[in-house]
Every structure is written in structure tokens, then in C-alpha cells.
Amino acid sequence: MGILKYINEDERIALRLRELYESFGYRKAGAADFEEYDFLVENRSFFGEGNIISFMNTDGKLMALRPDVTLSLIKSLPPEDPGYAEKLYYIESVYRYIKESHVYKKIDQIGIEYIGDSADYGNAEVLSMALDSLNAINEKFVLSVSHMGFVSGMLSAPEITEELRARILDNFKSKNMHDLSKILETAELPQELRENILSVFGLCGEFVSTLQAARKLSSSEQAIQALDELENIHRLLNYAGCSKYLPGMILDFSIANDLDYYNGLIFRGYVENLPKVLLSGGRYDSMMAKLGKQRRGTGFAVSLDELSHYCGNQRQYDYDILILYRQGDNMSRLLSLVREYAAQGRRVRVEDVGSSASLPFRFRETYRFSSGHLIREV
Amino acid sequence: MLNIALPKGRLGLMAYEAFEKIGYACPEIKENNRKLIFVNEEKEVRFFLVKPSDVPIYVENGAADIGVAGKDVLIENASDVYELADMGFGKCRMVVAAPEDYIEKSGSILRVATKFPNTANGFYASKSRKIRIIKLNGSIELAPKVNLSDVIVDIVESGDTLKENGLKVIETVTDISARLVANKSSYQFKGGLIRNIAEKLAKVGLARGDGNC
């Protein structure tokens with residue numbers, strides 16, 4: 001422990017995650033802070049509208065603060081496959097426009113990228129590390145997993161127009177069954193297709209049984225392939241010593257992409273008592289292809305902002321011990337007591353008894369120092 | 001403890017009655033007092049009364065696990081929450097209305113007065129119509145009469161207020177009713193309980209069938 005005892009809980013967790021990623025053979029990567037504006041605009045479909053803070057560089061080139069780390073990391077890779085997997089992790093900031101408050105915000109992330117061709121192993125390794133990451137933060141976690149291939153496969157019928165597909169996915173995302181069924185009715189889809197889409201909607205829950213239910217619905221090759229991939233990942237994890245985590249890993253086909261970012265496996269991680277998504281990731285082969293790289297990629301990021309928010313809520317005390325004293329008491333005895341506690345590694349604060357009412361801190365234990373003795377206050 | 005955000009006012013009272021019907025009573029809410037938090041220890045639920053447009057904010061940020069909000073508020077805030085049931089009351093329509101003698105001039109930029117700028121923007125963007133939003137906070141019906149705007153986007157129940165101000169409905173933007181929403185993380189950890197409540201409330205909502213706002 002030593003000096004690490006005094007860093008904040010969120011910093012400690014970030015270090016633990018870093019240790020985890022290092023031990024799986026991931027190397028720390030740095031991405032440039034600035035990107036060429038043109039490059040970002042070309043790849044806008046990966047991070048959405050209104051997201052770029054741009055500025056003129058000294059050479060007159062329009063630059064921007066990066067809105068996404070993965071995009072910048074991939075860009076710097078060589079186009080051809082070097083024949084081995086690239087395993088990278090990063091602790092970086094991204095800059096995004098926050099719709100609710102109409103401001104730009106710096107968002108800190110820690111994440112990994114597995115770039116290589118071994119789809120099965122890569123997927124399973126990344127997912128196992130996502131489970132380890134969540135578990136390191138809170139043992140009560142849920143990792144919900146979906147596959148864009150399955151969802152696309154189920155919605156590939158020619159009757160479903162691009163616009164209708166977007167509306168269906170919107171309602172999937174908000175688990176809005178009542179509006180979805182109205183939309184399907186108005187769109188005059190064949191009865192069977194309508195029922196199928198509504199059943200996909202209900203596919204959420206324990207991994208294995210949900211997968212079996214999904215099998216009964218899927219006829220398209222794309223959907224079946226996606227389910228095979230999910231089943232394979234689950235089996236790999238189960239035999240690889242992750243079985244204790246698997247109750248926390250559920251299937252939820254309502255998770256869908258806002259953007260073109262992920263095109264295969266996609267997942268979101270939650271921990272109890274944190275209201276927002278803490279971890280998100282997936283497979284981004286189409287982004288690799290768009291950037292001209294002949295390999296596949298899977299990765300995830302943990303939001304350090306949400307993590308620090310979570311840890312701030314969990315922290316109960318600012319100090320271990322508060323000692324209140326009166327002027328004129330035995331100061332050398334007081335100091336020697338404080339030194340004793342400090343030597344034990346406890347965080348001690350000493351204050352005049354008069355100031356105790358207005359102290360803006362929380363203490364585990366409070367003592368009153370009187371005639372050379374400490375008296376515990378309850 | 002399950003935290004439930006309800007909108008203050010008539011909609012909230014109807015929402016509370018639906019919860020009462022499915023076994024989550026907390027009759028103190030009906031007393032006309034100034035309290036904002038009501039607890040039923042035995043059922044382990046806590047109701048908050050908040051400003052109607054704030055319900056999705058409480059839910060999205062996890063201060064409440066679930067809540068009841070009008071579809072108008074959900075569309076306008078584009079809240080990142082699950083929408084689990086149509087409660088079947090608070091029914092009305094979001095419409096485009098204009099003066100009786102209004103004629104659409106498709107080439108010009110349409111001036112739209114509204115309390116719901118995001119909703120109006122989204123609606124006209126889907127039709128590729130150029131508009132200028134004039135954001136107002138009340139008495140929207142006045143805007144076209146005093147040439148502040150060409151049309152308005154607003155909520156109507158019966159249409160009486162529109163008629164009294166010489167306006168007519170041109171288009172429906174969307175149908176509105178009260179919806180049950182849930183925080184996405186709470187849903188992962190209290191999913192069984194939340195799904196159970198949603199199913200029961202949807203049934204109560206279907207049984208009502210009527211219920212204008």
C-alpha cells in the first residue's frame with residue numbers, strides 16, 4: 001500500500017485498471033491532442049454532429065481537438081496487417097459537445113483496443129477484461145451485450161425502409177414497445193414480420209436462455225452468424241475461468257448504435273449506484289475499413305468522469321481522526337499523540353475546540369484532548 | 001427503496017392514482033400540503049413531486065429510478081431513459097396551428113413560435129422545411145395574431161383555445177400521453193420490480209382508455 005493509500009479511490013481504480021491492461025500485454029499508447037479538421041469531417045459518421053472544437057494552426061491549417069481516441073489511434077496504424085495483434089491501452093481526454101448543457105466538455109477515458117485478426121480470441125479477451133474492469137469497480141455490475149449483426153439481420157427485410165429502420169432502432173433503444181407496435185401497424189408490415197420484430201424487442205435477460213430464444217426467431221444468415229459468435233464468446237469465457245462473472249453478463253438486443261461506430265459485438269457496462277453507463281465498447285471493423293486498415297478491431301472505454309463521480313458518492317470520510325483541543329493544554333503531549341496516529345498511517349486533523357462546529361469535513365472518529373488524555377466523542 | 005418522480009399538478013395526481021391502484025399507496029400525496037417527498041416504508045417506495053418538465057432529468061440522472069412524464073417533455077428533452085409504458089391518460093396532441101386564413105408559402109422561411117423548439121426543429125427537419133424558431137414561454141396563440149410568427153407548434157386538448165384565438169390545426173406533429181420512464185442503470189439492478197410495475201401500469205392504462213389532459 002504505502003503512499004498509494006492517500007490517492008483518491010477513483011485514481012486507485014484507474015491504476016488497478018492500468019495494471020490489469022498491462023498484465024494482459026497491452027501497451028500504453030498516446031494519441032495526438034489535435035487532429036486535422038478535414039480528417040474528422042470525413043469520418044463524422046463515427047462521432048456525430050456538432051462535436052468538433054476547431055482552431056487555426058500556425059501554418060494556417062484548420063485543426064480540431066479530438067472527439068474520439070480510437071479514431072486517432074487507428075489512424076496512426078500502418079495500413080497493412082503486420083501479422084500480429086496490436087494491443088493498446090490509453091488514458092486520454094476527448095472533447096465533446098454536451099447537448100443538455102449546450103457546452104463543450106473534456107471527458108477523461110481509460111480504454112483498450114485489440115487490433116488483429118483473431119476474431120474469437122480477440123472478442124473473448126476484450127470482454128473478459130471488460131468484466132474484470134467492472135468487477136474492480138463494484139462487484140455488483142451488469143454487462144449487457146448485443147450484436148449489431150443480429151439486429152441488422154432481423155431488420156433486413158426489403159419492406160423495411162431506411163427511415164423505418166431508424167425509427168424501429170430508436171424505440172428499441174428506449175425499450176418503447178407501445179410506440180413501436182403503433183409504428184409497425186402504420187407501416188403496414190406483414191403480420192409475421194411485425195411479430196418477429198416485436199419478439200426481438202423482448203429479447204433481454206440471462207445470456208444462454210435469451211440466446212436460445214433468439215435462435216428460434218432468426219432465419220437470415222447474418223443473424224445466425226451473429227448468434228454463433230455470441231454463443232462462442234460465452235463458451236470461451238465460461239471455460240476460461242470467468243464463469244463467476246457470467247451471471248452479471250446479460251444479452252440485451254435493445255442496445256443499438258447511435259452512430260456507425262460499432263458493427264458487430266457491442267456492449268455496455270453498469271455498476272450499482274451509478275446512474276449512467278460506465279463502460280462501453282464493441283467491434284469496429286467498418287471503421288477500420290473506412291480508414292483503410294486491413295485488420296479488425298475491438299475495444300472499450302471506461303469513463304473516468306463517471307468513475308470519479310461514483311467514487312465521490314461512495315467516500316464516507318475525509319479524515320480518520322479529529323482531535324479537538326483547548327488553548328493552554330499540554331501541546332507537546334498532543335503533538336506526540338498526533339505523531340503516533342500519523343505513524344500508524346491514519347489521517348489526523350487537529351483543531352481548536354471552538355472551530356469544531358464549522359468544519360466542512362467528515363471524520364470517522366472524533367476525540368477531545370483534555371489534560372493530556374483523549375476522550376472519544378460519540 | 002424505489003424512488004419515483006411524479007409531475008406536480010393534475011397529471012401527477014392521475015399518475016399517483018394509477019400507482020395506488022397497483023398497490024403502491026401513499027395517501028398523504030392527495031392532501032393539499034407543501035411536502036415534496038412521500039414515503040411508504042412498508043412497500044419501500046418514495047414519491048417525489050417535481051416540475052413536470054424536470055421528471056426526465058431526475059430519472060436520467062438516477063435521483064429517481066422511475067417517473068411519469070408527458071411524451072411532449074420526453075421528446076423535447078431527448079432524454080436518455082427507457083420508456084416502459086403508456087399510462088393511458090394525459091392524452092392530447094402536439095400540433096402545428098395557424099390563423100384561419102393562413103396559406104402555406106413553401107419558398108419562404110417559416111417562422112414558428114413554440115415552447116418546444118427541439119420538437120419543432122426535429123419535425124420540420126424531417127420534412128426538409130426551412131424554419132426560424134421563436135421560443136416563447138406562454139400565450140403561444142398570440143404570436144401569429146400579432147405577426148410574431150407564421151405558425152405555432154403547441155399542445156392542444158379540445159382545440160377550444162385555438163378556436164377562440166382564430167387559429168386552426170394544420171398538421172399533427174405527434175400524439176401525447178403520460179409515459180412511465182426508467183433510469184437505464186436502475187433497470188439493470190431493479191429490473192424485475194420495475195418491469196412488474198410497468199406491466200401493471202400498462203394494464204391500468206389500457207383499462208382507462210379515455211383520459212384527456
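What is the mean pLDDT of chain B, and what share of its residues reach 70 or more? The mean is 91, and 97% of the residues of chain B reach 70 or more; pLDDT is the predictor's confidence in each residue, from 0 to 100. The model scores ipTM 0.85 and pTM 0.84.

This is a predicted model, in which local features need pLDDT of at least 70 and side-chain atom pairs count only at pLDDT 80 or more, while totals for chains, interfaces and linings use all residues. Residues are numbered from 1 along each chain as its sequence is written, chains are lettered from A and ligands numbered from 1 in the order in which they are written, and side-chain values use heavy atoms, with hydrogens and water left out.

**View 1. Where chain B meets chain A.** Here 18 residues of chain B are in contact with 20 residues of chain A, contact meaning heavy atoms within 4.5 Å. Together the two chains bury about 1500 Å², with 51% of it on carbon and sulfur atoms. Buried area is the accessible area (1.4 Å probe) that two parts lose on being put together, summed over both.

**View 2. A salt bridge across the interface.** D179(A) pairs with R179(B) in a salt bridge whose closest N and O atoms are 2.8 Å apart. The rule (a side-chain nitrogen of Lys or Arg within 4 Å of a carboxyl oxygen of Asp or Glu) finds three salt bridges between chain B and chain A. On the side of chain B that touches chain A, the elements giving two or more residues are β5 (82–86) and α7 (184–189) of chain B. Helices (H or I, at least four residues) and strands (E, at least two) are DSSP runs, numbered from the N terminus.

**View 3. Two loop residues of chain A with positive phi.** E188(A) sits in the loop between α7 (177–186) and α8 (191–201) of chain A. Its phi is positive, about 55°, although E188(A) is not a glycine. At 68% relative accessibility, E188(A) counts as exposed; exposed means over 50% relative accessible area, buried under 20%, and partly exposed in between (1.4 Å probe, protein chains only). N273(A) belongs to the loop between β10 (265–271) and β11 (279–283) of chain A. Phi of N273(A) is near 70°, again positive in a residue other than glycine, and N273(A) is exposed, at 54% relative accessible area.

**View 4. A buried serine in a loop of chain B.** Look for S79(B) in the loop between α3 (71–77) and β5 of chain B. With a relative accessible area of 15%, S79(B) is buried. Leaving aside neighbours within four places in sequence, S79(B) is in contact with P56(B), E60(B) and L74(B).
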